[in-house]
Amino acid sequence: MTEERLSFQAEVSRLLDIVAHSLYSEKEVFLRELVSNASDACDRLRYAALTQPELSSDDPDLKVRLLADKEARTLTVADNGIGMNRQDLVDNLGTIARSGTAAFMNSLKANGGDAKKDVNLIGQFGVGFYSAFMAADRVEVLTRKAGDSQGWRWQSDGKGEFTIAEVADLPRGTKIILHLREGDDEYLEEHRLQAIVRKYSDHIAIPILFGEGEDAKALNSASALWTRSKNEITAEQYKEFYHHVGHAFDEPWLTLHWRAEGALEYTNLLFIPSTKPFDLFDPKRAHRVKLYVKRVFITDAAEGLIPPYLRFVRGVVDSEDLPLNISREMLQHNPMLAKIRAGLTRRILSELAKKAKDSEKAAEYATFWEKFGAVLKEGLYEDYEHRDELMKLLRFRSTVGDGLVSLDEYVARMKEGQDAIYTISGEDVDSLLRSPQLEGFKAKGVEVLLLTDPVDEFWMPSVGVYDSKPFKSVTRGGADLGKIQGGEDKPEDKTPDGEVVDLLALLKLTLGDSVKDVRKSERLTNSAVCLVSDDNDMDMHLERLLKQHKQLGGSTAKRILEINPAHPLIKRLADRAKADGAATALEDAAWLLLDQARIVEGEPVPDPAAFARRMAGAMEKGLA
Ligand SMILES: Nc1ncnc2c1ncn2[C@@H]1O[C@H](COP(=O)(O)OP(=O)(O)OP(=O)(O)O)[C@@H](O)[C@H]1O
């Protein structure tokens with residue numbers, strides 16, 4: 001028998017080093033991980049056998065078996081599932097295959113090498129198969145893939161290398177033999193193993209047995225959790241199932257368990273996580289809800305089962321009506337799947353609406369919103385049918401208060417004469433709050449919604465109005481503040497138009513093509529100048545966003561420069577603009593005004609050298 005020696009991927013070696021040296025108090029989770037893998041392997045065999053019954057016909061009762069050998073000090077986790085061939089072993093048990101493990105490794109990098117914190121992270125993420133090395137200093141894997149005749153032994157002490165060799169006469173499936181570390185004999189005791197299985201793996205749908213032959217004893221209830229009635233399931237069991245099915249390690253924020261009856265029958269056990277899955281913004285926008293047909297696992301990638309804007313939902317859907325022999329490819333064209341999706345969507349949205357409506361649970365809803373609001377908003381332009389329900393779920397930061405506001409609350413607080421819902425978009429709330437364009441709105445007490453999710457730029461134009469009130473960006477078009485009642489400060493009344501006429505003409509002449517227009521501002525109270533875009537042009541933030549993502553070529557639309565007639569600088573300039581030769585004397589000042597408006601807006605200054613030269617000149621004069 002020839003034995004091949006191979007090295008672990010560098011990242012696995014590092015991971016194993018951490019695992020082996022961790023004094024992780026919940027070491028027992030290694031068993032959860034191995035049983036979970038064994039159950040997945042049985043699920044996969046059951047699916048494969050739908051089209052190739054010969055794969056499992058010689059040993060059709062799928063199960064997981066735990067065997068303890070006190071003399072040899074080994075614990076074995078055996079399954080008669082799909083098994084692995086040589087390539088599977090190399091790919092799966094030598095590299096970081098597992099999504100959760102990859103996330104763990106990424107957080108290690110973020111942690112900056114603090115060993116203690118690293119160990120805590122293992123508990124948060126779980127590290128799949130590799131957690132075997134928490135309890136074992138040597139791990140043997142004996143496996144034969146369903147349909148193959150050749151079996152394999154994989155072996156490692158977790159120190160950088162593993163070996164693979166051919167083995168004859170293995171039964172189908174996988175046996176993981178753990179040579180326990182000194183002091184870990186507790187994992188040879190039946191009662192200890194039973195307690196761990198009950199705690200973490202009771203929801204596993206196939207039997208988990210202890211021992212062999214007549215004496216074998218079932219450690220779990222072996223019925224799929226979602227088929228049991230709600231009042232028989234504890235919160236702890238729901239959580240463990242969520243961890244298993246969602247490959248998650250947080251508390252579920254919401255657990256939904258119901259059975260749809262009528263024309264179509266299906267049982268659902270769905271969860272909304274309390275933390276963001278790390279691949280939430282992956283361009284594929286795939287969901288991970290597992291589809292079962294009559295308790296047989298079919299796929300966790302059924303396209304069309306869950307709309308992409310609900311992709312954060314985890315769990316199981318088990319249909320009684322879909323044909324068992326349906327291929328994964330044919331699934332998405334099956335009209336029943338679309339009906340199931342419609343039922344799931346309706347239910348999830350109505351449960352969210354209940355939470356959102358309950359004002360006592362505002363803080364709880366806010367935690368959901370902070371994590372998944374940006375994803376949910378995608379539904380506003382993708383799912384016209386549920387748009388109204390989605391609009392009710394929206395929450396925003398605004399210029400009023402620190403909390404979140406709904407559109408209904410906003411509308412109820414609108415000022416007399418205000419007919420639009422005002423918004424401003426940018427990268428983050430703090431810099432938005434400093435925007436000069438908000439000054440006049442603040443002075444009048446008009447609330448403005450602060451939009452920081454890129455997706456806002458897409459749903460808002462597509463939705464257009466709420467409660468017959470249009471959404472309007474405060475950085476675009478006229479400010480309409482004149483007709484809104486309230487506030488003591490009315491900037492537009494302070495200076496008669498005539499005062500700035502000459503300055504406006506001079507600025508227009510000097511700045512020429514660099515701006516679309518120069519006008520007196522209604523929206524500034526403290527700042528001297530700001531930029532806005534024209535009513536018909538794209539919002540400035542959206543334009544920058546698209547350019548950043550190379551979605552927009554060509555030149556930027558021209559901006560309108562607004563000046564604040566009440567600002568002392570503008571007043572002085574307005575005086576000077578009346579004198580002869582003002583155009584030459586104020587040329588630098590004109591460009592400086594435009595450049596400072598650009599800087600405040602976060603737009604690039606096209607000629608920084610000229611800006612610096614003019615600025616130096618102005619400072620020099622100021623000091624003279
Ligand atoms: N008992 C088993 N039978 C068959 N294949 C197994 C078994 N245990 C592990 N594997 C294979 O090894 C791979 C890696 O296992 P590991 O527990 O590290 O991650 P995982 O279960 O794939 O995690 P995730 O489900 O998050 O992707 C599995 O995806 C599976 O292909």
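**Starting from one arginine**

I began with arginine 153, which I found in strand E5, residues 151-156. I kept in mind that this is a predicted model.

Next I asked myself: is arginine 153 buried, exposed or partly exposed? I found 19 C-beta neighbours inside 10 Å, so arginine 153 counts as partly exposed. The cut-off for buried is 20 or more.

Then I listed its contacts, leaving out residues up to four places away in sequence: arginine 153 touches Glu140, Leu142, Ala165 and Val167.

Arginine 153 and glycine 445 are 292 residues apart in sequence, and their C-alpha atoms are 73 Å apart in space.

**The sheet**

I then traced the sheet that holds E5. It is an open sheet of nine strands with mixed pairing, and I read its order as E1-E6-E5-E4-E7-E3-E2-E8-E9. Which strands stand at the edges? I noted strand E1 (3-7) and strand E9 (217-218); each has a single partner strand, so one side of each is left without a neighbour in the sheet.

I followed E1 to its partner. E1 pairs with strand E6 (residues 161-167) in the antiparallel sense, over five bridges. As one example I looked up serine 7, whose bridge partner in E6 is glutamate 161.

**Helices across the strands**

Helix H2 (residues 29-51) lies across strand E2 (64-69), strand E3 (74-79), strand E7 (173-180) and strand E8 (208-210), and I noted an angle of about 25° to E3. Helix H7 (residues 190-201) lies across E2 and E8, running at about 170° to E8.

**A helix pair**

At what angle do H19 and H23 pack? I found about 85°, with the axes 10 Å apart. The two helices are therefore roughly perpendicular to each other. On the H19 side the contact is made by Leu506, Leu507, Thr510 and Leu511, and on the H23 side by Glu587, Ala590 and Leu594. I sorted the residues of this contact into five nonpolar, one polar and one charged.

Conventions
Residues numbered from 1 in each chain as written. Predicted model: local features only at pLDDT ≥ 70, side-chain atom pairs only at ≥ 80, totals over all residues. Helix = DSSP H or I, 4+ residues; strand = E, 2+ residues; numbered from the N terminus. Buried ≥ 20, exposed ≤ 12 C-beta atoms within 10 Å, placed from the backbone. Contact = placed C-beta atoms within 7 Å. Pairing = 2+ DSSP bridges. Axes fitted to C-alpha atoms, helices over the stretch in contact; angles between N-to-C directions. Parallel < 35°, antiparallel > 145°, perpendicular 65-115°, else oblique. Nonpolar A, V, L, I, M, F, W, Y, C, P; charged D, E, K, R; others polar.
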